[in-house]
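This report describes selected features of the structure shown below. Please keep the sequence and the model in view while reading.

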Amino acid sequence: MTDTREPARPVRFRGGGFAPRPVRLAGPAVFLVLVAAWEAGARTGVISPLVLPAPSEAIGALVELWVSGELWEHLAASLSRLLLGWVSGTVLGGLIGLAIGLFSLVRAGLAPLVAALFPIPKIALLPLFIIWFGIGEESKVALILFGTLFPTVIFTYGGVDNVDRTLIRMGQSFGLGWFSIVRKIILPGALPAILSGMRVSSAIAIILIVAAELIAAERGIGAYIQIAGSLFATDQLIAGVALLSVFGLTVNWLIARAERLLLRWRP
Amino acid sequence: MQLRIEGLSHRYGDVAVLDNVCLVVDAGRIACIVGPSGCGKSTLLRLVGGLEEPGSGRILQVGEPPKRSLNPLTYIFQDFALLPWRTVAGNVSLVLEDHGLTRRDREAIIGDVLERTRLAEFRDAFPRQLSGGMKQRVAIARALAVRPAVLLMDEPLSALDSQTRELMMDDLVDLWKRENLTGIYVTHNLHEAVRLGHRIVVMSRRPGRILETVEIDSPVWDRDASDPALETTRRHLWTAMRDEARAVDLELTGD
């Protein structure tokens, strides 16, 4: 029943889009263009060296820091505080979060407390921690522990709450013991959320350690930035900030690797 | 082992879900429970499996389960309930790990049940890599691994597409033939019920009561989907169920 005299045209395509796809090199390109423009601005005098030193000068400061050997001292000081505080905060937070997720009484008792303490900017507590634990390492580690504890608790018990209940009933229906259910069903089921929590808590830990070192430390990246700032050595300041950025990126990359390894079962 | 349900009633808060349900499942027979959605048939199964406590009435295991049985009352779930972070073999292994078996015994059982469900070559695959039918076969393998005395099946084929469902029904018929299983099979699909059940129990809408019981004595492996006698039974069951299903339909829209 086709009428050949009727005009025929192809159906117009109107789907597509709204699906992000990876575009290689776009990210590095933006970064390079920005740095190049900045360098050019500094060389031509558009940007005054007092306001913002050229990237090459910051790199120079970084090389100097490396050659003098101070780089490792600062990095080691920051890293050891960070690791100690973050690991203990994550372990403790994981245990508390698990307890909140598993026991109604613990949830009723602790969940409101966690909600009340989580939003406090922990850096405001540093003077208190210095009084309690002294000016040395302890107060900084305690600050990071305290800062990473709450997000870990919240992410962990959120993860436990979200474990598919049918899987738990399945475990019970096959006569699995309580510890087996927790270890083999609840913990792996909560792992994606726990890893998301680690992403957040690691960022918080980096912010807190630098803030603590800005206030009271002789060694550490924060201390280095603080000294540079008070001497108006802006090239060193930029070098320190760049170190922090690399630091954050590295941690992020490590967690992404861990996710890919531990969550390869995910669809 | 025989299963006897006596005067079972159950409620969730103010809502009565089951009302005086009595049912006997003899050893080596499959009882199919059919009924409109929300009639409490899944609740009945959870009560039988000990996952919920009955409000009143009793569920009795008559006779001892076989000594070899690791988990006498064993479920097969509608949505398979496989751990996504464990492989096919790992999912079967899960239900054997708490029974004090040696590693070698466990491996032997896993190999055996995967062989029986034609999954041997997929033992290291993750659930996400499997089709729906394969996932349900893993769940069946897992159930067989604990040597159940009674299988409790909660709409095991409802999450599958109709072609897979046909294939799986043949698999189940094979299973009944080989293993001489006792079971309760909950479904809303009357075709499944008349193909797979020896006793078919029609339940009313909430609170669920037993409206009618039909016995089909022919062995399941001799049944043919086009058998006019089965079709007559199916029509009869549908007549018994239709008004209930319609009433449920109106109830839900009137909510």
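## Strand pairing in chain B

In chain B, B:Leu3 stands opposite B:Gln61, a residue of strand 4. The two strands concerned, strand 1 (residues 2-12) and strand 4 (residues 56-62), pair in the antiparallel sense over six bridges. Strands (E, at least two residues) and helices (H or I, at least four) are DSSP runs numbered from the N terminus, and two strands pair if DSSP finds at least two bridges between them.

Strand 1 of chain B also pairs in the antiparallel sense with strand 2 (residues 15-25), over seven bridges. Here B:Arg4 has B:Val24 of strand 2 as its bridge partner. Two residues lie between the strands of this hairpin, where B:Gly13 takes a positive phi near 60 degrees.

## Basis of the model

The model is predicted: local features need pLDDT of at least 70, side-chain atom pairs count only at pLDDT 80 or more, and totals for chains, interfaces and linings use all residues. Residues are numbered from 1 along each chain as its sequence is written, chains are lettered from A and ligands numbered from 1 in the order in which they are written, and side-chain values use heavy atoms, with hydrogens and water left out.

## Overall form of chain A

Chain A has 10 helices and zero strands. Its radius of gyration, taken over C-alpha atoms, is 26 Å, whereas a compact globule of 267 residues would have a value near 18 Å (the globule rule is 2.2 Å times the number of residues to the power 0.38). The C-alpha trace spans about 80 × 75 × 30 Å along its principal axes.

Of the 267 residues of chain A, 37% count as buried; buried means under 20% relative accessible area, exposed over 50%, and partly exposed in between (1.4 Å probe, protein chains only).

## Helix 2 of chain A

Helix 2 of chain A (residues 55-67) has 13 residues. Its buried residues are A:Pro55, A:Ala58, A:Ala61 and A:Leu65. Seen down the helix axis, the buried residues of helix 2 fall within an arc of 115 degrees, so they line one face; the arc is that of the directions from the helix axis to the C-beta atoms.

These buried residues pack against helix 1 (26-44), helix 3 (70-102), helix 9 (221-230) and helix 10 (234-262) of chain A, where contact means heavy atoms within 4.5 Å. On the other side of helix 2, A:Ile59, A:Glu64 and A:Val67 are exposed. Helix 2 is followed by A:Gly69, which has a positive phi near 85 degrees.

Terms used: Expected span 1.5 Å × (residues − 1).
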